Amino acid sequence: MLHLSTMSGKLKGMRALNTDTTSNPFCIYMYENSPEDFICHWCYSWYMMLTYRKNCVKKWKENSDALSVPIPYDDLPILNDVLFRIDAHGELINLTHMVNLHWLAVKNPGTTIGLWTKRKPFVRQYLKQFTKPPNLMLIYSNGAINKPMSSPPKGFDKVFQNVSPDKSLELQNCTGQTCMSCRLCYTQGTDVITEAVKIKFKRVDARRLT
């Protein structure tokens, strides 16, 4: 039912459960309306999915459709991964999506699952109804460039944020190694992760390419 992706680059050696950025109403709004000092304005996923990763859109849209409605527990995949990424592409769609990920973590207690999201309301609604399993790391994605947070929001394990390469040097602790070799986001301890922003993808006109 769900398509799991083998990742490359910074995520080499990991698998991920991705969803479709280009059909997510939240992602569409943020890409079209965010100012230049907000990371969504420069979204790498939009560029990739509208250019050289076009072939991924169909499968990730199928993931979006499946995850936005309840998935029977028996239909969730069994993972043999040590670390697993949620939405290296995409974002939470609704509360049901978050609940499905909860049960994925429950079903796979030996896998540490990292979920990056900007959608605090869904996370807080989820936490009112469920006890988060210890292998699910909730990471708040701070979209504001050069506005670092000193701690994660309530309910989150960590915050991940971006600064300009020449700013907040003392905070920068995501420094180019692969996630599999670093694991800072996937282990208890450091709860603020800061990376020098890499705006290497051209901003594209999504309306023209879709």
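The buried residues of H5, which spans residues 120-129, are Phe-122, Val-123 and Tyr-126. These three lie on the same side of H5 because they cover an arc of only 100 degrees around the axis (the arc is that of the directions from the helix axis to the C-beta atoms). An α-helix has 3.6 residues a turn, so residues three or four places apart point the same way.

This is a predicted model, in which local features need pLDDT of at least 70 and side-chain atom pairs count only at pLDDT 80 or more, while totals for chains, interfaces and linings use all residues. Residues are numbered from 1 along each chain as its sequence is written, and side-chain values use heavy atoms, with hydrogens and water left out. Helices (H or I, at least four residues) and strands (E, at least two) are DSSP runs numbered from the N terminus.

The cover over the buried residues of H5 includes helix H4 (95-107), strand S4 (112-117) and strand S5 (136-142), where contact means heavy atoms within 4.5 Å. H5 lies across S4 and S5 and runs at about 155 degrees to S5. H4 lies across S2, strand S3 (83-86), S4 and S5, at about 165 degrees to S4. For these angles, axes are lines fitted to C-alpha atoms, for helices over the stretch in contact, and values run from 0 to 180 degrees between N-to-C directions.

The strands belong to an open sheet of seven, in the order S1-S2-S3-S4-S5-S6-S7, with mixed pairing. Its edge strands are S1 (5-6) and S7 (192-196), each of which pairs on one side only; two strands pair if DSSP finds at least two bridges between them. S1 and S2 (residues 15-17) are antiparallel, over two bridges, and Ser-5 stands opposite Ala-16 in S2.

Helix H1 also has two sides. Phe-26, Cys-27, Met-30 and Tyr-31 are buried in H1. They share one side of H1 because their arc around the axis is only 120 degrees. Pro-25 and Tyr-29 are exposed on the other side of H1.

Phe-38 sits in the loop between H1 (25-33) and helix H2 (44-50). Not counting residues up to four places away in sequence, Phe-38 touches Met-30, Lys-118, Gly-143, Ala-144 and Ile-145. Its C-alpha atom is separated by 9.1 Å from that of Asn-146, 108 residues apart along the chain.

Methods:
Buried means under 20% relative accessible area, exposed over 50%, partly exposed in between (1.4 Å probe, protein chains only).
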